[in-house]
Amino acid sequence: MEQRAPFRRDVVSVVTPVYNGAEFLAKMLNSVLAQSWQQIEMILVDDGSTDNTLQVAEDFREKFAARGYSFRIVRGEHKNAAGAINLGLPFVTGEYLIWPDSDDVLEPESVEKRVRFLRENPEYQCVRSLAYYFDYETGEPRPPDEKQGDLSQEMLFWDVLEFRTFVCCGCYMLRSEPFFAIYPERRIPEYSTGQNFQMLLPFLYRYRCPTLREELYGVAARSGSHSRTPLTQAQEEKKYTDYERLVDEIAVLCAVDSQEELCRIARWKADRRYHISLKYGRWGAALRALGRLRRYGGPRKGGALKGLIWALCRDTWIWKRLYPIYCRFFHDR
């Protein structure tokens, strides 16, 4: 294996994939330029954009040079976010690694506050902040897409996997050396589901991750974003299958071998299968998934009930009235 130079002390590598981001990319890049931390390398990976994303990016080259930040644009054929991340990872030289989305923003002290925490607390290999959500068009605050969870919890593997806390990518900062010890080939598993499970779960299985109680990252709620694009039934079912395959691969990567943990992963998969089968009225598949759930310890509290309510009511006027209550008491995705 090629011998690489040591990671550069105090440098933060920012790896961001972008696809057709000409409309919104400038806002994110400007937020990087506004950082109070002085040592940053920006690695922007164009995932085969067909608009003028590359021109927008090129227009920032001199601005980054004037700021004293390195700026690299990597181009690839259109694939997916994980594939784009993989094109950028070989160029990471910084001691710390973050991977914000191309339509989100970093608060001016976002990088510095996380770096200073890790410098002052060498026993930690990662740290995360809170996020706030805003409407991309109006700038108005929006409700969060994810739960915060128990912010005193530091072992986050199961909380992230089971959607009890947020996976918001730009909130997390990892030390590069232990990250690339997990991925020595500098490649994460490539699935259409995105990149965050691959980036985070193997790391969080090994290391504690405390939370800074500050909103240092802004998430844009944008109708055209990948995460908010409506999926067909076939697309959604494929996404579920890809998640299952990905989590199986991550379990191998983490060397999960205890029966308890393997059962917990099987229960996670069966629970998801139960809910998507209910969603599309596939009652036989739902019953089979429910059987697997019982075999592996049963559904989480309220899980089967909320799924049944959702399936029976979602296309009726009753659902419109019950939906706010459903979100408040049952929502976990």
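1. Tyr205 counts as partly exposed, since its relative accessibility is 22%; the scale here takes buried as under 20% relative accessible area, exposed as over 50% and partly exposed as in between, with a 1.4 Å probe and protein chains only. Please keep in mind that this is a predicted model, in which local features need pLDDT of at least 70, side-chain atom pairs count only at pLDDT 80 or more, and totals for chains, interfaces and linings use all residues. Residues are numbered from 1 along each chain as its sequence is written, and side-chain values use heavy atoms, leaving out hydrogens and water.

2. The structure holds 13 aromatic pairs. Rings of Phe, Tyr and Trp (its six-membered ring) pair if their centres lie within 6.5 Å, with planes under 30 degrees apart called stacked, over 60 edge-to-face and the rest tilted. Phe157 and Tyr205 make an edge-to-face pair, at 5.1 Å centre to centre and 75° between the planes. Because Phe157 belongs to helix α6 (residues 157-161) and Tyr205 to helix α8, this pair ties together parts that are 48 residues apart in sequence. Helices are DSSP runs of H or I with at least four residues, strands are runs of E with at least two, and both are numbered from the N terminus. Phe157 is buried, at 4% relative accessible area.

3. Phe203 and Tyr207 have ring centres 4.8 Å apart and planes at 50°, so their pair is tilted. Phe203 is buried at 0% relative accessibility, while Tyr207 is partly exposed at 25%.

4. Leaving aside residues up to four places away in sequence, Phe179 touches Leu89, Leu97, Leu174, Ile188, Met199 and Phe203, where contact means heavy atoms within 4.5 Å.

5. Which residues touch the most other members of the largest nonpolar core? They are Val12, Tyr172, Phe179 and Phe197, in a core of 84 residues. Helix α8 gives the most to this core, with six residues. A nonpolar core is a set of buried Ala, Val, Leu, Ile, Met, Phe, Trp, Tyr and Cys residues joined through side-chain atoms within 4.5 Å. A second, separate core of six residues includes Tyr274, Leu278, Ala286 and Leu293.

6. Asn196 is also found in helix α8 (residues 196-206), and its 17% relative accessibility makes it buried. The side chain of Asn196 makes a polar contact with that of Trp99 at 2.9 Å (a pair of N or O atoms within 3.5 Å; within protein, one must be able to donate a hydrogen and the other to accept it, and residues adjacent in sequence count only if both atoms are side-chain atoms).
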